[in-house]
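Reader: I would like to go through the labels on this model. Please set each one against its cut-off.

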Amino acid sequence: MLIALSINHFAAINHSELEFSSGMTAVTGETGAGKSILLDALKFTMGDRVSKEIISTERQQAEVQATFNINKLPALQEWLKSKDLYHGDECILRRIFTAEGRSRGYINGTASTMTELKQAGEFLLQLHGQHDHQLLLQHQWQRELLDHYAGCENKVRKVRQLWHACMQCKAKIKKINETASAQIAQGQLLRYQVEEIKALALKKNELQDLEAEHKQLLQANKYLDVCHYVQSILCTGDHGTLHQLRLCIKQMAEMPLFDDIYTLINEAVIQMEEAVSTITQLESQIEINPERLAETEQRLSSAYDIARKHHKQPAELSELQQQLTAELNHLETVHEDINLLEQQMKEMEASFLREAKKLSQQRHQGAGKMASYITQLMKELAINDYHFHIQLSPLLSLESSGMDKVAFQVKRDKQNAGASLEKIVSGGELSRISLAIQIATAKRLGVHTLIFDEVDVGIGGATAEIVGRLLRQLGSRCQVICITHQAQVASQAHHHLSAIKKRNDRQYINLVKSNNNTLREQEVARMIAGVKVTGKALAHAKDMINRAQT
């Protein structure tokens, strides 16, 4: 609950240090005295947008700090721990806003974003405003109130998660189906390309071997011509080089003068004879094979053509085949994925329906209890001709909220059919029904601080006293802060806070804790009598306060 609030240079409040207790606290003051600034200051600490005008004149910055006891808020404690912001049983929200329009927020002394301040605020307090009856006419708001009262939050969360999972799966399936024809065409192309490279069936190093063989086949005639030419020079008849050299050796035989020359020419003959033997062997190996040449040319041409199609080098065809095969496998996997997704979709839809039915059952159980309790509160608020009714009907199509359309209705006594609120009740009755609903749902809140901002507008007399008594009863279960202009409501409070205008060179507002009986009686008397507080008004105020305490 809220235990302290420090306000500095915020709007018309120069400085105020306030302490709060459990129970019901009434906040009162003359019209325009600034009762709602307290609420604005609290909302400011919880990340609400503000303008530079909230800073008191001639000041550099506004600062508000709210301190809460959170020992009964385990959900908030867990949230703080997840953010490394937990500092025990107290949670301190602090926010500064400068004249330049810059804002800084802190949770337990650690700089925090406005989003984090808002998230913390959702755990800490709940605001009920005088215009809530406008929201009350919206079916979505009615459904949320019922879910809150019936304790359906976990089931609602689960149903919503399943719904969004279904929608995501459906979107994936739709996307795959929309591109199916293009994927089929792409798959056919990839399959053809892979088969084409497979059919070529190039072996490792085959290209290099083919190119070498092709070069040899292409130059076979030239090689043979060289062989024949060399053989004709060296070996042809009496004019062949070998025959002539042998004659030279014969002439120099047994002449010591020519021994050295004889040796050199003899060695040359031996080398030439070996050359002739080698070239004769080469000649026998060289084959003129036009058919094989055509085959190698055809195979090389096929490899180069396929490589050219893909802007690759022929040596890269093996790697290209692996790449295209992987792409083809991926496309085939996509089609397998869509089958898997469709199966998952069926399973998720079945889970969604199963959980939505459970949620619907819990809503039906809670609707009767909620309607009975609100009817009881309506009677206390002098709405005696109607019974509150909650109609649940199936939606035309399932939604993230489940399968139910929730409609708040009222029935006249002895009538079977109900009608929507705005068609039957008056504006004043609608405000009181709204208050009854707020009180009924507030009891189910996880937060322990409830703020009611002038929810008693348009209510007076005995009904206002009943409103005050109901809020006081609610204050016995949690902390209630009620901004009111009704003496009958303020007199029921456990604690009293007054907004008083302070006038000197400038206008400021003081928030004064009026727990002193005399001060409190004077404030309630002012609310009864107006400008001039009479002894009779004081006596009436004292009597109202005393009766509320019994």
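Author: Start with the strands. β1 and β2 (residues 13-19) pair in the antiparallel sense over six bridges. The model is predicted, so local features need pLDDT of at least 70 and side-chain atom pairs count only at pLDDT 80 or more, while totals for chains, interfaces and linings use all residues. Residues are numbered from 1 along each chain as its sequence is written, and side-chain values use heavy atoms, with hydrogens and water left out.

Reader: What makes β1 and β2 a pair?

Author: Two strands pair if DSSP finds at least two bridges between them. Strands themselves are DSSP runs of E, at least two residues long; helices are runs of H or I, at least four, and both are numbered from the N terminus. β1 and β2 have six bridges, so they count as a pair under the rule of at least two. In β2, S16 stands opposite I7. The two strands form a hairpin with two residues between them, and A11 in the turn has a positive phi of about 50°.

Reader: Which way does β4 run against β1?

Author: Antiparallel: six bridges join β1 to β4 (residues 61-69). S6 has Q65 in β4 as its bridge partner.

Reader: Why is β1 called largely enclosed?

Author: Buried means under 20% relative accessible area, exposed over 50%, and partly exposed in between, with a 1.4 Å probe and protein chains only. Seven of the nine residues of β1 (residues 2-10) are buried, so the strand is largely enclosed by the rest of the structure.

Reader: Is C169 buried or exposed? And what is C235 called?

Author: C169 has a relative accessible area of 4%, so it is buried. C235, at 37% relative accessibility, counts as partly exposed.

Reader: How many disulfides are there?

Author: A disulfide is a pair of cysteine sulfur atoms within 2.5 Å. By this rule the count is zero. C169 is in no disulfide; its nearest cysteine sulfur, that of C166, is 7.4 Å away.

Reader: How do you know what span to expect of α12?

Author: The expected span is 1.5 Å times one less than the number of residues. α12 (residues 290-309) has 20 residues, and 28 Å is expected. From its first C-alpha to its last, α12 reaches 28 Å, close to that value. Buried residues in α12 include L293, T296 and L300. Just after α12, H311 takes a positive phi of about 55°.
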